[in-house]
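Biologist: Could we go through the charged contacts in this one together? I'd like to see how they are laid out before we talk about anything else.

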Amino acid sequence: MAIQCLAPCFALTPRPKIYSVNASCSTLSVRRSFQSLSFSTNLSQNVFVKGKRFLVPVEKSPRRNVVCEAAPSKKPDSAAKRARQAEKRRLYNKGKKSEMKTRMKKVLEVLDVLKKKTDAQAEEILPVEKLIAEAYSAIDKAVKAGSLHRNTGANRKSRLARRKKAVEIHHGWYTPAAVPTATEA
């Protein structure tokens, strides 16, 4: 109970220089010169040792400022550090996403060319499968790095698989199995 209401009810003159500390019962007077406004540590160690004491300004002026310093603020460079980290992560994520999009685009272009071909052979799908495997790898790396949400990654992989299946169905290399109805089962 040594420091009860120091921060909210503390009134200082515009330029505090000398303060007297008065004990509640004695006439002890201690003069101290403070350089900064963060004086709570100095006072709590030296002055507020025995019972209640109040800090009263020696010089009174018509204008008073109220100082409330509860806790020290963050370091001033923490925002700059966060900005640097965010920029570094943005570039890292951009590289992962760019690689993924490039690989997907290559697969989709090859599949479009293959679908438009009239005399396509079933063996021509093998290089496309290799490209799809590379695209899957790039998507998985982007998901693992946190650049892409896992559901988005699964959606992109599904899109490539559906497009490949559509080309295979178009050329007759793949026929989907008939889905049994409720009456047949």
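**Salt bridges and their surroundings**

Modeller: Before we start, please keep in mind that this is a predicted model. I would begin with Glu 99, which has a relative accessible area of 32% and is therefore partly exposed.

Biologist: Okay, and which side chain does Glu 99 meet in a salt bridge?

Modeller: The partner of Glu 99 is Arg 103, with a nitrogen-to-oxygen distance of 3.6 Å between the two side chains. Both residues belong to helix H2, which covers residues 78–116, and they sit four residues apart, or about one turn of the helix.

Biologist: Is Arg 103 buried, partly exposed or exposed?

Modeller: Arg 103 comes out at 29% relative accessibility, so it counts as partly exposed, because that class takes in values between 20% and 50%.

Biologist: And what does Glu 134 pair with?

Modeller: The side chain of Glu 134 also forms a salt bridge, with Arg 103, and here the N to O distance is 3.2 Å. This pair links distant parts of the chain, since Glu 134 lies in helix H3 (residues 125–145) while Arg 103 lies in helix H2, 31 residues apart. Glu 134 itself has a relative accessibility of 32%, which means that it is classed as partly exposed.

Biologist: So which residues are linked in that network of salt bridges?

Modeller: The network is made up of Glu 99, Arg 103 and Glu 134.

Biologist: How many salt bridges does the structure hold?

Modeller: There are eight in the structure, and one of them joins the side chains of Asp 112 and Arg 163 at 3.7 Å, again taken from N to O.

Biologist: Changing topic, is Lys 101 buried or exposed?

Modeller: Lys 101, which lies in helix H2, is exposed, because its relative accessibility of 51% is over the 50% cut-off for that class.

Biologist: And how far apart are the C-alpha atoms of Lys 101 and Ile 139?

Modeller: Those C-alpha atoms are separated by 8.7 Å, although Lys 101 and Ile 139 are 38 residues apart along the chain.

Conventions: Residues numbered from 1 in each chain as written. Predicted model: local features only at pLDDT ≥ 70, side-chain atom pairs only at ≥ 80, totals over all residues. Heavy atoms only, no water. Salt bridge = Lys/Arg side-chain N within 4 Å of Asp/Glu carboxyl O. Helix = DSSP H or I, 4+ residues; strand = E, 2+ residues; numbered from the N terminus. Buried < 20%, exposed > 50% of the residue type's maximum accessible area, 1.4 Å probe, protein only.
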